[in-house]
Amino acid sequence: MAKQTHNPKVAVTLSLVPGLGQLYNRHYLKGATFLLLTISFILFFYQFLNIGYWGLLTLGEIPRLDDSRVLLAQGIISLIITGFAITFHVLNLLDAYKEAVKFQQGVRPDSLRKRFRAGWNKSFPYILIGPGLFLLIFVVIFPLLYMVSIAFTDYNLYNSPPKNLLNWVGFENFISLVTVPIWRSTFFSVFLWTVIWTLVATTLQIALALILAIFVNDPRIKFKKFIRTVLILPWAVPAFVTILIFAALFNNDFGAINNDILGPLFNQAIPWMTDPFWSKIALIGIQVWVGFPFVFAIFTGILQSISKDWYEAADMDGASSWQKFKSITFPQVMFATAPILIMQYAGNFNNFNIIYLFNQGGPAVRGQNAGGTDILISWVYNLTFETQNYNMAAAISIIIGLIIAGFAFYQFRRTRSFKEEGEM
Amino acid sequence: MTRKTKSNLQVLGMYLFIGVVFVFISYPLLWTLGLSLNPGTSLYGSTMFPENWSFVHYKWLFFDPSSDYLLWYKNTLIVATITSICSVIVVSLIAYAFSRYKFIGRKNGIYTFLLLQMFPVLMAMVALYLLLNLVNLLDTLTGLILIYIGGAIPLNVFLVKGYFDTLPRELDESAKIDGAGHFRIFFTIMLPLAKPILAVVALFNFMTPFMDFILPSIILRSPENFTLALGLFNFINEQFGNNFTRFAAGAILIAIPIATVFLYLQRYLISGLTSGATKG
């Protein structure tokens, strides 16, 4: 008993006001619920969204009364709410259309109970992710959008709310970063050191971990468990504690490294804290100390899972240890751990803790507004919390983010390629 | 050189290398321990092997009325416990959805969040500060906990989802045929099997508040709300050398419990990480 008179297009059109389409499809309960939700949404959020969008466009009109930062925040939250509303609205339109087609074809509507059950099954995953998603939006997405927005404003020490209003300035901050001399020279020297730091510190840390993992995994070595436990110790001690301890050890005047080791043995003291070159050496050393155990632990796990047969076959062919390492161990370990290793590089690229805690990115360098050991992220920290150049800090953050996102994108493509079977 | 002596030399070389690494690892740790037993408070004049060693700094931390150490310890434990429990719940629910259900945004959702997570958190701090101010959670432990839980979701979901994916799908499908509901499958089949990775998530999130000092330093203002890391950092922040022995004592008292738990759970940790990360 197909009903030609029932038109899906009408259902969709009516559904522009959520609920009406569903009523037309004779889903009375659903229609009423949708209608009620829509009305309460409008009543509840109208005022908020109105101010939000006005704030987002103008960033306030009266200094001291309108706080641009709050208006910007409200504007971004309005955007997020709107995003959700649009998603729901599209879903509502789709639902109206699908149900209307079913009705037209004369599919007998299921009993209310059955429909309830189907609805529960369908919405179950959303119930699972709902609370987490809510938190994520406010803790990760909102701050990110906020940061991106700040990079396009003129928010700095001399122009800060609530005393002044912020303005949208387009790409001006990014342009200053490469054209204004002090910014340009600082940006390029900090960037160069960040890259060197990332490559050298991480590679050394991985190399040391690999050597140790292979040594400890050697069947001739005894007390494996004890050795592994000691080697993992630096990972187990909180990093901020370790770094502060190293900062004391490397202290120019009272540090044990100058006073107890270099002094008596070589009769020399090295300016660890005040000379950029030696600071950098010290930082790399500390990072290797702090960072290798994690990689070591991962490598150990992988080494134990490599099949013994391969080594036996290699032994029969008379392969040397080096050949075995080159053709079996190394490719196996690298293949299995590539994603983790890439994340190690990405982690060091943004390793704020060590730079800041060791000597606040110091020592100061003439002709630039970052310290001699500042990496991009610690420079961002200084710009934000010391000199309040919020706009420049945000612009640099975006650059950091894009670089890291590149890293991560590469990694995820790799991981995905060999897990196809897991896809649904 | 016979084969035997060559092998022996190799082994000797390996032990030597491991021995050198041992020295490098233990020196700073033992130095800190030695320093914490010095009677004076300043870095200058303190030695690794004090002649008249004493527990005066440990006593000070616990019993001196001007020391907030126990309060900070309590705050950190509260934050760590709640964060750890809530993250395990939230993360395992989301990971379950991503591993076993179809829904809008499933395919790219998790990668999107991981990518977003890559952007430096530091810059987010200004926004988080404003947000917490807006909802009146600034300078509260609740605000700190909420941010820890939310921030932990992407990476941990990635790990747990990877682990769930390795569990055979036949298990929950046959349970479904037997009439088990969604939650029942989740609680009686998935969760017990995923214990190792959940232990990793719980541990990581328990330790974060002990180790992190940037976030608390931005959110928490009043000393009675400080966490350990922030409190200890403030010990030496103002005048680096002057409170160092006290800091050393406080640091030892953080490091010992964390290291113990860590070493105890390391087997779980490694198996969870390698299976979750390489197969995920």
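Helix 9 (residues 239-249) of chain A packs against helix 12 (residues 244-264) of chain B at an angle of about 150 degrees, with 11 Å between their axes, where axes are lines fitted to C-alpha atoms, for helices over the stretch in contact, and angles run from 0 to 180 degrees between N-to-C directions. The two helices are therefore roughly antiparallel to each other, given that angles under 35 degrees count as roughly parallel, over 145 as roughly antiparallel, 65 to 115 as roughly perpendicular and the rest as oblique. This is a predicted model, in which local features need pLDDT of at least 70 and side-chain atom pairs count only at pLDDT 80 or more, while totals for chains, interfaces and linings use all residues. Residues are numbered from 1 along each chain as its sequence is written, and chains are lettered from A and ligands numbered from 1 in the order in which they are written.

**Helix packing between the chains**

- The crossing of helix 9 of chain A and helix 12 of chain B is left-handed; a crossing is left-handed if the near helix is turned anticlockwise from the far one by less than a right angle, and right-handed if clockwise.
- Val241(A), Ile245(A) and Ala248(A) in helix 9 of chain A meet Phe244(B), Ala251(B), Ile254(B) and Ala255(B) in helix 12 of chain B, two residues being in contact if their C-beta atoms, placed from the backbone, lie within 7 Å.
- By class, this contact of helix 9 of chain A with helix 12 of chain B has seven nonpolar, no polar and no charged residues, where Ala, Val, Leu, Ile, Met, Phe, Trp, Tyr, Cys and Pro count as nonpolar, Asp, Glu, Lys and Arg as charged, and the others, Gly among them, as polar.
- Helix 12 of chain B also packs with helix 8 (residues 224-236) of chain A, here at an angle of about 130 degrees and with the axes 10 Å apart, and this pair is therefore oblique, with a right-handed crossing.
- On the chain A side, this second contact is made by Thr229(A), Ile232(A), Leu233(A) and Ala236(A), and on the chain B side by Ile258(B), Ala259(B), Phe262(B) and Leu263(B); these residues divide into seven nonpolar, one polar and no charged.

**The interface as a whole**

- In total, 71 residues of chain B are in contact with 78 residues of chain A, and helix 1 (residues 3-36) of chain B gives the most to the chain B side, with eleven residues.
- The side of chain B that touches chain A comprises 57 nonpolar, eleven polar and three charged residues.

**Chain B**

- The secondary structure of chain B comes to 13 helices and zero strands, helices (H or I, at least four residues) and strands (E, at least two) being DSSP runs, numbered from the N terminus.
- Of the 280 residues of chain B, 44% count as buried; a residue is buried if 20 or more other C-beta atoms lie within 10 Å of its own, exposed if 12 or fewer, and partly exposed in between, with C-beta atoms placed from the backbone.
- Among contacts in chain B between residues at least 6 apart in sequence, 74% join residues at least 24 apart.
- Helix 3 (residues 69-100) and helix 6 (residues 141-166) of chain B pack at an angle of about 40 degrees, with their axes 7 Å apart, which makes them oblique; their crossing is right-handed, and their contact has 20 nonpolar, six polar and two charged residues.
- Met190(B), which lies in helix 8 (residues 182-193) of chain B, is buried, with 21 other C-beta atoms within 10 Å.
- Leaving aside residues up to four places away in sequence, Met190(B) touches Tyr96(B), Phe164(B), Leu167(B), Asp172(B) and Ile185(B).

**Nonpolar cores**

- Of the 165 residues in the largest nonpolar core, Ala209(A), Ile94(B) and Val160(B) touch the most other members; such a core is a set of buried Ala, Val, Leu, Ile, Met, Phe, Trp, Tyr and Cys residues joined through C-beta atoms within 7 Å.
- A second, separate core of six residues includes Ala11(A), Leu23(A), Ala96(A) and Ala100(A).

**Backbone features of chain A**

- Gln360(A), in the loop between helix 14 (352-359) and helix 15 (376-386) of chain A, has a positive phi of about 55 degrees although it is not a glycine, and is partly exposed, with 17 other C-beta atoms within 10 Å.
- Gln388(A), in the loop between helix 15 and helix 16 (390-417) of chain A, likewise has a positive phi, near 55 degrees, and is partly exposed, with 15 other C-beta atoms within 10 Å.
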